[in-house]
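Please keep the sequence and the coordinates in view while reading.

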Amino acid sequence: DWDGTLFDSTALIARCIQRAAVDIGEPEPELERAKYVIGLGLRDALEHVVPGLSQDRYGELGLRYRHHYLGSEHEVSLFDGSIEMLQALKARHHWLAVATGKNRVGLDRVLAHAELTK
């Protein structure tokens with residue numbers, strides 16, 4: 001799993017959800033509610049954290065979330081020890097895969113940021 005397991009992005013994701021809600025004129029969701037959705041796809045996460053919006057407003061909310069996330073994702077990094085653990089698994093010839101709600105472009109971007117593209 002990527003977000004919140006290898007990549008220390010939980011606080012960033014929650015903060016971006018909160019900011020996106022405020023951007024579209026909704027009350028700021030509680031931090032714990034925003035953190036709870038880590039690992040869900042974006043649409044499902046937004047529907048849980050900001051329930052009751054009309055369907056077209058979720059698209060707007062998603063755009064605002066992406067705006068905040070893409071502007072800040074460079075601020076986060078892998079948890080301490082993650083690189084060493086991944087290297088040890090690779091040395092033992094384990095196949096490694098990533099489980100994430102990110103699309104391929106987003107995953108490629110954060111893998112490059114974490115210097116894990118080799």
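In helix α6, which spans residues 104-113, the buried residues are Gly-106, Leu-107, Val-110 and Leu-111. Buried means under 20% relative accessible area, exposed means over 50%, and partly exposed lies in between, with a 1.4 Å probe and protein chains only. Helices (H or I, at least four residues) and strands (E, at least two) are DSSP runs, numbered from the N terminus. The arc is that of the directions from the helix axis to the C-beta atoms. An α-helix has 3.6 residues a turn, so residues three or four places apart point the same way.

The model is a predicted one: local features need pLDDT of at least 70, side-chain atom pairs count only at pLDDT 80 or more, and totals for chains, interfaces and linings use all residues. Residues are numbered from 1 along each chain as its sequence is written, and side-chain values use heavy atoms, with hydrogens and water left out.

Which helix do the buried residues of α6 pack against? They pack against α4, where contact means heavy atoms within 4.5 Å. Arg-104 and Val-105, on the other side of α6, are exposed. At the start of α6, a side-chain oxygen of Asn-103 comes to within 3.2 Å of the backbone nitrogen of Val-105. A polar contact is a pair of N or O atoms within 3.5 Å; within protein, one must be able to donate a hydrogen and the other to accept it, and residues adjacent in sequence count only if both atoms are side-chain atoms.

After α6 comes Glu-115, with a positive phi near 60°. Glu-115 is not a glycine, and it is exposed, with a relative accessible area of 68%. Most residues other than glycine have a negative phi, and most peptide bonds are trans. His-93 also has a positive phi, of about 65°, although it is not a glycine. His-93 sits in the loop between α5 and α6 and is exposed, at a relative accessible area of 70%.

Two packed helices are described by the angle between their axes and the distance between the axes. For α3 (residues 42-49) and α4 (residues 55-72), the angle is about 110° and the axes are 10 Å apart. Axes are lines fitted to C-alpha atoms, for helices over the stretch in contact, and angles run from 0 to 180 degrees between N-to-C directions. The two helices, α3 and α4, are therefore roughly perpendicular to each other. Angles under 35 degrees count as roughly parallel, over 145 as roughly antiparallel, 65 to 115 as roughly perpendicular and the rest as oblique.

On the α3 side, the contact is made by Leu-42, Arg-43, Leu-46 and Glu-47. On the α4 side, Gln-55, Tyr-58, Gly-59, Leu-61, Gly-62, Tyr-65 and Arg-66 take part. The residues of this contact of α3 with α4 comprise 5 nonpolar, 3 polar and 3 charged. Here Ala, Val, Leu, Ile, Met, Phe, Trp, Tyr, Cys and Pro count as nonpolar, Asp, Glu, Lys and Arg as charged, and the others, Gly among them, as polar.

Within α3, the buried residues are Ala-45, Leu-46 and Val-49. Seen down the axis of α3, they fall within an arc of 95°, so they line one face of the helix. These buried residues of α3 pack against α1 (10-23), α2 (31-36) and α4.

The loop between α3 and α4 holds Pro-51, which is exposed, with a relative accessible area of 53%. Leaving aside neighbours within four places in sequence, Pro-51 is in contact with Arg-33 and Tyr-58. In helix α1 lies Gln-18, which is buried, with a relative accessible area of 10%. Not counting residues up to four places away in sequence, Gln-18 touches Glu-28, Pro-29, Glu-30, Leu-31 and Ala-34.

The protein chain as a whole has 6 helices and 0 strands. Its C-alpha atoms fill a box of roughly 50 × 25 × 20 Å along the principal axes. Of its 118 residues, 34% count as buried.
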